[in-house]
Each structure stands twice: as structure tokens, then as C-alpha cells.
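Hi,

Here is the structure I promised to send over. Have a look at it first, and then read on for my notes on its aromatic rings.

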Amino acid sequence: ETTALTGELEYREGNFSLAETLYIQARKADARNARSVFGLGKLALAQRRLREAVRLLEESVRLDPRKPEYFLYLSEAYGALRNASGQRRTLQKYLSLAPEDPDRVAEARASLNIINAFQGKPAGVVKTTADPAIVPFQKALNLLFIQVRVNGQGPFTFVLDTGASQT
């Protein structure tokens, strides 16, 4: 357990290669060490090796089903794979474990609300015409500006709000 905890500290410091080495050592010493498996799952998720991340994070949940953060990270991996049912299930489990972190709880609830709002439909899918209109834009001050005509008047400059937190 000490080696896995040291791996966690190295992970938090950004020493990912050393963290991985320590997680692997901890896992070799004890194949049932959930923290080492979780650490390897976090690394796989961060490196976008998503199927591996899901496999490792599912294993960490099986090894220690009392750790809320294991379910939270597993929900992230499911979300990255667009597995809404898996993400919903693990977020619900995370919330049922009543974690003390109010920021993460709010994030988990918001994620559940979004999943439920899509009602099983895939997120990010857009239906468009065969010949979509091209809208030129200018970027300045981290904002997008477009020229628009309204009722035959203009052009007027509008800020284009994409709804994204960052553009």
C-alpha cells in the first residue's frame, strides 16, 4: 500500500512515468491492491487509452467498492467512450457513497442531469443539410465574431456564443 501511495504522490506532482513504475511495483507485490490498479487506470485515462482505463478502473471498483473516487473516474472513462448507461450507473454509485467533496458532488449531479436530458441519444451528433452554410468568423480576445444581416439591414457584428466554457 505504501508503494501505491507513493505512486499517488508522484502522480500528483506530475511525475507520471515514476508513478506508473510505482503502481506496477505495488500491483506485483499485491495483485489485490486497489489503489495501484486505480492509479494505472487514471494514467490510462489521462493518456486516452480509454478501453484500458475502463478495464483497470472497473477492476479497482471490484477490489474496493467503498472508494467514491474510483467510481467517479470510471464514470469519466465511460463518458469518454460515449457509454451513457455506464456513466450514469457509476455516477449514481458515486453519489450514493456520499462523498464529502461538494464540488465533485455538484459536478456529478450536473453530469447526471445532462445524461438524463439526452435520454439515450448520443451527445454531439448534429443533423444538417447536405450543403451547410459556411459562416466566416473572426477570433479576437478569445471570442468569436460574425457578420450578420438582419431583415435586410447590416451587416452587424455579433459575438458567437458556442455554449462552450472555452473556445
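The structure holds three aromatic pairs. Please keep in mind that this is a predicted model.

One of the pairs is formed by Phe38 and Tyr70, and it is stacked, with 4.3 Å centre to centre and 25 degrees between the planes. Phe38 belongs to helix α3 (residues 34-46) and Tyr70 to helix α5 (residues 68-80), so this pair ties together parts that are 32 residues apart in sequence. How accessible are the two partners? Phe38 is buried, at a relative accessible area of 3%, and Tyr70 is buried as well, at 1%.

Phe38 also pairs with Tyr73, this time edge-to-face: the centres are 5.2 Å apart and the planes are at 85 degrees. Here too, distant parts of the chain are linked, with Phe38 in helix α3 and Tyr73 in helix α5, 35 residues apart. Tyr73 has a relative accessibility of 23%, so it counts as partly exposed, the cut-off for buried being under 20%. Taken together, ring pairs join Phe38, Tyr70 and Tyr73 into a cluster.

There is a charged side chain to look at, too. Which rings does Lys42 lie over? One is Tyr73, where Lys42 sits over the face at 5.7 Å from the ring centre. Another is Tyr11, with Lys42 over its face at 4.0 Å from the ring centre.

Best wishes

Definitions and conventions. Residues are numbered from 1 along each chain as its sequence is written. This is a predicted model: local features need pLDDT of at least 70, side-chain atom pairs count only at pLDDT 80 or more; totals for chains, interfaces and linings use all residues. Side-chain values use heavy atoms; hydrogens and water are left out. Rings of Phe, Tyr and Trp (its six-membered ring) pair if their centres lie within 6.5 Å; planes under 30 degrees apart count as stacked, over 60 as edge-to-face and the rest as tilted. Helices (H or I, at least four residues) and strands (E, at least two) are DSSP runs, numbered from the N terminus. Buried means under 20% relative accessible area, exposed over 50%, partly exposed in between (1.4 Å probe, protein chains only). A charge sits over a ring if NZ of Lys or CZ of Arg is within 6 Å of the ring centre and within 35 degrees of the ring normal.
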